[in-house]
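Please look over the structure shown here before reading on.

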Amino acid sequence: MRKYLSFFRLRFSMGLQYRSAALAGIFTQFIWGIMEILVFRAFYQSDSNAFPMTMQATSSYIWLQEAFLALFMVTFMENEIFLSVNNGDIAYELCRPIDIYNMWFSRSVAHRLSRAVLRCMPILVITIFIPKPYGLMIPKTVTTFLLFLLTLILGLSVAVAFCMIIYMLTFFTISAMGVKMIAMSLVEFFAGAVIPLPFFPNPIRRWMELLPFASMQNVPLRIYSGDLTGNAIQDVFFLNLYWSIFSIV
Amino acid sequence: MIKVEHVSKTYKVFKRDAGFQSAFKALFHKEYELVSALNDVSFTIEDGEMVGYIGPNGAGKSSTIKILSGILTPEEGIVKINGQIPWKNRIAHVKEIGVVFGQRSQLWWDVPVLDSFQLLKDIYSISEKTYKDNLEELTSLLNLSDLLQTPTRQLSLGQRMRCEIAASLLHSPKILFLDEPTIGLDAVSKLAVREFIKSLNQKHKTTVILTTHDMQDIEALTNRIILIGKGRVLMDGTIDDIKIHGDNMDEAVANLYHEYQI
């Protein structure tokens with residue numbers, strides 16, 4: 001266990017040292033968030049009753065998504081892993097007395113956490129002061145917030161476990177680009193990264209919500225914004241737990 | 001003890017002629033050749049021995065090292081290193097060995113060398129005392145004191161290689177595989193590395209297997225030499241067996257390569 005923790009530490013501290021990358025990232029995420037909210041605002045103004053989430057919930061969804069982007073975006077994969085498989089540095093990792101899967105897992109989690117820690121604070125702090133209904137709202141109850149944190153962790157593990165599958169596929173291909181591209185665009189669509197899942201037509205939505213991709217960000221973000229409550233939370237929580245265990249095994 | 005018996009390994013190599021036409025044809029029909037990297041290779045190495053493993057480019061030297069360190073699995077044959085089969089008991093096996101691949105890097109690029117060492121300490125579960133002792137010894141022998149706080153990316157090739165060798169020895173391995181450890185080093189670093197390997201072998205009785213194209217390395221370090229070409233062991237003898245083929249080592253080896261047509 002110590003070995004993996006140590007891996008985690010090194011990767012985490014490494015991730016913290018890229019300051020200008022973080023600044024640029026924060027800036028992009030602000031612009032992106034503002035653009036998305038403007039688009040949704042235009043839709044809501046034409047008929048706000050036609051939408052499954054309130055404007056406030058949608059804004060919160062978007063801001064949280066931007067703040068914690070690094071945690072569950074499948075796009076953020078460890079380039080170093082692809083590189084090491086391609087150029088053969090992987091040989092060194094294979095002659096270490098550790099399990100490759102666990103090592104890469106802890107490393108990816110650390111990488112994502114370090115990125116998120118650097119970026120989330122400014123976004124969260126500023127967007128909370130943006131006037132209603134375009135800013136980030138404070139969750140209704142403490143339980144909501146705790147459930148949000150819990151599902152966020154589960155979502156992170158599902159996302160990382162999914163990336164692990166792609167890492168493993170690179171052993172069998174000459175270039176991992178193709179697999180990466182297809183996987184990324186599919187996952188983003190199904191995870192609710194393009195538009196929140198409730199905006200999909202009902203029959204499709206029901207299937208999409210059952211897929212593991214929904215657990216990555218759809219669930220935690222919607223719990224926070226109060227769009228999911230009561231029994232629905234229970235259902236998605238267990239589904240989330242199921243997928244994180246399933247994909248890791 | 002290292003026991004290698006009748007080991008064979010083949011690779012699939014895709015082939016096509018140059019040019020657009022054949023590139024287009026290869027879209028529909030890929031042709032490949034099976035290249036045998038190792039063909040019925042056998043040898044035995046005792047504890048504490050220093051062995052030079054030489055051969056022309058593409059002879060199968062690196063493949064052998066990779067099989068011995070448990071990274072590749074051969075199609076045929078058996079390897080037993082201190083009673084363990086490397087690719088089956090990988091984790092138990094690699095605790096006992098150190099590997100240096102001269103053309104690869106194991107240090108983390110963006111952080112100081114010491115951080116990489118710390119990580120290795122945890123990976124191999126090295127005790128605090130052993131780590132300190134080994135680090136001290138390696139630092140003085142390889143002259144690392146100025147390098148340890150520097151990020152790896154800012155080291156020169158020779159400086160980095162010295163750190164790489166130190167990194168592979170932190171856990172006091174019983175067997176050390178060196179795959180072209182002196183590639184690209186200046187005269188001073190080369191001598192330092194040679195001196196170091198020699199004293200390591202004498203002091204700790206570490207078994208060393210060394211592949212290189214630098215015949216001076218071989219001359220300075222090893223007594224026994226295994227010559228391989230086209231995946232076969234062609235000769236297993238001493239320096240003197242090679243020296244009789246020419247005036248100096250380089251010439252003698254070149255003559256040998258000619259003689260065996262490899």
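A crossing of two helices is called left-handed if the near helix is turned anticlockwise from the far one by less than a right angle, and right-handed if it is turned clockwise. The term is used below for a model that is predicted.

## Helix packing within chain A

In chain A, helix α2 (residues 19–46) packs against helix α7 (residues 100–128) at an angle of about 45°, with their axes 9 Å apart. Angles under 35 degrees count as roughly parallel and those of 65 to 115 as roughly perpendicular, and the angle found here makes α2(A) oblique to α7(A). The crossing in which α2(A) passes α7(A) is right-handed. On the side of α2(A), the contact involves A:A22, A:G25, A:I26, A:Q29 and A:F30, which meet A:L118, A:R119, A:P122 and A:I123 in α7(A). Sorted by class, the residues of this contact are 6 nonpolar, 2 polar and 1 charged.

Helix α2(A) also meets helix α3 (residues 55–67) of chain A, where the two axes come within 10 Å and cross at roughly 160°. Because of this angle, α2(A) and α3(A) are roughly antiparallel to each other, and their crossing is right-handed. From α2(A), the residues A:Q29, A:W32, A:G33, A:E36, A:I37, A:F40 and A:Y44 take part, and they meet A:M55, A:T58, A:S59, A:I62, A:W63 and A:E66 of α3(A). The contact of α2(A) with α3(A) is made up of 7 nonpolar, 4 polar and 2 charged residues. A:Q29 is listed in the contact of α2(A) with α7(A) and is listed again in the contact of α2(A) with α3(A).

## Where chain A meets chain B

Between the chains, 15 residues of chain A are in contact with 20 residues of chain B. On the side of chain A that touches chain B, α1 (2–16) and α6 (90–94) of chain A each supply at least two residues, and the largest share, 6 residues, comes from α1(A). The residues of this side of chain A divide into 9 nonpolar, 2 polar and 4 charged.

Which way do α1(A) and α4(B) run relative to each other? Helix α1(A) packs against helix α4 (residues 113–123) of chain B at an angle of about 160°, with their axes 8 Å apart, and α1(A) and α4(B) are therefore roughly antiparallel to each other. Here α1(A) passes α4(B) in a left-handed crossing. The contact is made by A:R2, A:K3, A:S6, A:F7 and A:L10 of α1(A), together with B:D115, B:L119, B:D122 and B:I123 of α4(B). By class, the contact of α1(A) with α4(B) has 4 nonpolar, 1 polar and 4 charged residues.

## Strands of chain B

Chain B holds an open sheet of 3 strands in the order β2-β1-β4, with antiparallel pairing. The strands β2 (31–45) and β4 (76–81) of chain B stand at the edges, and each has a single partner strand, so one side of each is left without a neighbour in the sheet. Direction ignored, neighbouring strands of this sheet are turned by 30° against each other on average. Strand β1 (residues 2–15) of chain B is joined to β2(B) by 11 bridges, and the two run antiparallel; B:K12, for one, has B:L34 in β2(B) as its bridge partner.

Elsewhere in chain B, strand β8 (residues 224–229) and strand β9 (residues 232–238) pair in the antiparallel sense over 6 bridges, with B:I228 standing opposite B:V233 in β9(B). These two strands form a hairpin with 2 residues between them, and B:K230 in the turn has a positive phi of about 45°.

B:S168 is found in helix α6 of chain B. Is B:S168 buried or exposed? With 23 C-beta neighbours inside 10 Å, B:S168 counts as buried, because a residue is buried if 20 or more other C-beta atoms lie within 10 Å of its own. Leaving aside residues up to four places away in sequence, B:S168 touches B:G98, B:V99, B:V100 and B:L176.

B:T150 is found in the loop between α5 (128–142) and α6 (157–169) of chain B, and with 15 C-beta neighbours inside 10 Å, B:T150 counts as partly exposed. Again leaving aside residues up to four places away in sequence, B:T150 touches B:P112, B:V113 and B:L155. The C-alpha atoms of B:T150 and B:A187, which are 37 residues apart along the chain, are separated by 23 Å.

Methods: Residues numbered from 1 in each chain as written. Chains lettered and ligands numbered in written order. Predicted model: local features only at pLDDT ≥ 70, side-chain atom pairs only at ≥ 80, totals over all residues. Contact = placed C-beta atoms within 7 Å. Helix = DSSP H or I, 4+ residues; strand = E, 2+ residues; numbered from the N terminus. Nonpolar A, V, L, I, M, F, W, Y, C, P; charged D, E, K, R; others polar. Pairing = 2+ DSSP bridges. Axes fitted to C-alpha atoms, helices over the stretch in contact; angles between N-to-C directions. Parallel < 35°, antiparallel > 145°, perpendicular 65-115°, else oblique. Buried ≥ 20, exposed ≤ 12 C-beta atoms within 10 Å, placed from the backbone.
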